[in-house]
Amino acid sequence: MNVTSIDWAIIASFFVISLLIGVYTSKKAGSSAKEFFLSGRNMPWWLLGVSMVATTFSADTPNLVTDIVRKNGVAGNWAWWAFLLTGMLTVFVYAKLWRRSEVTTDLEFYELRYSGKGAAFLRAFRALYLGVFFNVVIMATVSLAAIKIGGVMLGLSPVQTLLIASIVTVVYSSLGGLKGVLLTDFFQFFIAMAGSFGAAYFILDLPEIGSLSNLLTHQNVSGKLDFLPDFSDPNAYIPLFLMPIAIQWWATWYPGAEPGGGGYIAQRMLSAKDEKNAIGATLFFNIAHYAMRPWPWILIALSSLIIFPNISDLQTAFPDMPVDKLGDDLAYPAMLTFLPTGLIGLVLASLIAAVMSTLSTHLNWGSSYIVNDFYLRFMKPEASDKELVAVGRISTVVLMVLSAVLALALSSALDAFNILLQIGAGTGLIFILRWFWWRINAYTEISAMAISFVVAIFFEVINPKVNWILIPENQAYLKLVYSVSITTIGWLIVTFITAPEKDEILLSFYRKVTPASFGWKKVLDRYPAEKQVIGQLPKELGLMMVGSVMVYAALFSTGFFIYGNLLAGFIAGAIATAGGIIIVRSWKKLS
């Protein structure tokens with residue numbers, strides 16, 4: 001691949017600007033832990049929303065989409081499109097509740113909602129479990145994508161790629177804190193969008209492709225264009241559509257798509273100026289994430305089926321790529337090698353932006369757990385702000401090193417995606433209900449976390465060897481059904497055999513966040529003086545459905561226009577527009 005001095009100049013300029021942003025924000029970020037991790041709770045919706053989009057615009061996301069499309073066609077994307085329902089639920093129900101809680105991290109929530117040793121254990125354990133283990137796995141998948149991009153497009157070894165990506169990211173993340181991450185995300189988002197759209201436009205004009213119409217009629221592609229799977233084939237529609245849309249979105253926990261919000265999404269909501277900005281940020285994120293971004297990736301994935309129809313073709317084209325890194329996800333960076341001078345530099349900068357944006361967010365988010373929910377809470381409650389910022393910066397470096405080591409052992413982003421879904425199976429309903437049902441307690445969450453992990457280990461590691469539960473290869477989705485069922489039954493049993501939280505804790509939480517009182521009546525009825533707030537929950541759930549239809553309509557409207565179906569495109573566009581008008585008019589009234 002011919003990377004010229006012009007391309008290197010574009011890449012170098014990107015690195016310099018990213019570092020300058022970190023230096024610019026370093027002084028204020030270092031003034032206190034809240035500045036370092038929450039930017040003083042004064043951020044506008046548009047900056048937070050763009051940052052959420054930039055973070056999920058990870059370098060492994062187009063690789064993941066390419067893997068899905070090559071294996072299961074466009075309809076395979078319901079594996080992640082279904083999470084829009086989770087996202088819209090967060091927008092209209094949970095965003096304002098998180099902002100009202102005024103916690104520093106979503107793990108601090110545990111000692112607001114629960115009490116005693118159970119709450120303390122949850123906060124400490126999940127600080128390390130999520131902040132270190134899960135966080136490192138996610139960053140490793142991003143780093144794996146960087147390895148494949150660096151190997152295919154620049155001929156770099158895995159170690160060389162990781163050193164370059166890690167050093168720059170760690171420097172500006174540790175210097176600038178969350179504000180540095182947000183400002184860098186804003187800059188990186190536009191680079192990433194320009195790169196993906198520019199790459200798709202040029203690739204469609206390659207001689208091997210010819211045009212968009214040639215792509216869509218090619219024998220390797222024509223069978224993979226449907227938005228929905230074949231409903232006459234249970235082995236297609238159950239795993240590709242029914243499972244994600246009926247179970248996965250509410251029952252599983254996945255970083256960035258947590259039922260009820262959480263993780264770095266919650267961190268953005270907690271740093272918003274007010275409830276209105278928290279709602280606006282998550283709304284923009286869901287629109288951009290699901291409706292604006294997927295089609296360039298999908299078109300490049302479909303194009304790759306013409307130029308690299310089989311993995312063996314990728315191996316032939318890139319003989320120096322390690323065998324354990326070869327997979328369908330490699331087709332995305334492979335297609336980018338055809339780009340011309342100048343555009344190569346922009347696309348490489350966009351991919352580097354995607355890597356660095358995601359890594360920087362996870363580094364800041366993970367270190368916030370380590371500092372606020374473990375070090376400050378359990379190790380040194382008297383620590384000064386200066387010391388906490390120092391610990392945050394040290395933990396940033398450590399997390400990056402651990403993720404780089406794990407990345408060298410991974411082979412597929414889709415494998416990691418499926419493993420994380422399996423580990424979180426059955427826990428999602430708790431994160432939805434704990435705000436609205438008084439009976440949930442700390443041991444509900446502890447049991448769900450333990451059961452889901454054990455069940456995941458059984459199905460992913462033990463059962464393939466012993467075959468105690470026979471699961472046909474074409475019915476692998478049964479693992480998710482079993483996991484969700486076992487975990488949910490388990491935590492419900494634990495909930496009803498353990499004591500509820502004390503009334504004073506429940507009332508304190510209710511007064512703080514004022515959720516709809518439907519699930520709190522049994523407690524509130526014991527205290528007649530307590531005001532029972534019905535709130536706007538029915539309206540919010542209605543807006544969740546309107547918002548979901550709006551975004552899906554916008555997504556498919558674009559697809560219909562690409563496919564040349566103009567009438568369907570206009571109808572879907574009209575539905576999206578109508579939904580948008582309803583949402584915008586309702587936004588100001590919700591906070």
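Here are some questions and answers about the predicted model above.

Reader: What is the mean pLDDT of the protein chain?
Author: Happy to start there. In this predicted model, local features need pLDDT of at least 70, side-chain atom pairs count only at pLDDT 80 or more, and totals for chains, interfaces and linings use all residues. Residues are numbered from 1 along each chain as its sequence is written, and side-chain values use heavy atoms, without hydrogens and water. With pLDDT being the predictor's confidence in each residue, from 0 to 100, 95% of the residues reach 70 or more and the chain mean is 87.

Reader: Which element has the lowest mean pLDDT?
Author: Helices here are DSSP runs (H or I, at least four residues), numbered from the N terminus. Helix α14 (residues 294-307) has the highest mean, 96, while the lowest, 63, belongs to helix α19 (residues 413-423).

Reader: Which helix gives the most to the lining of the second largest pocket?
Author: Good one! A pocket is an open set of points on a 1 Å grid over the protein atoms alone, with protein on both sides within 12 Å along at least five of seven lines, and lining residues have an atom within 4 Å of a point. This pocket has a volume of about 250 Å³, and its 16 lining residues include L154, L156, T161, I164 and I352, which lie nearest its centre. At least two residues each come from α1 (5-29), α8 (116-153), α9 (158-204) and α17 (343-379). With five residues, the top contributor is α17.

Reader: At what angle do α6 and α12 pack?
Author: Contact means heavy atoms within 4.5 Å, and T90, A95, W98, R99 and S101 in α6 meet A266, M269 and L270 in α12. Angles run from 0 to 180 degrees between N-to-C directions. The axes of α6 (residues 83-101) and α12 (residues 263-270) are 9 Å apart, and the angle is about 65°.

How values were computed. On a 1 Å grid over the protein atoms alone, a cavity is a set of points where a 1.4 Å probe fits but cannot get out, and a pocket is an open set with protein on both sides within 12 Å along at least five of seven lines; lining residues have an atom within 4 Å of a point. Grid points are joined across faces, edges and corners, and a volume is the space filled by probe spheres set on the points.
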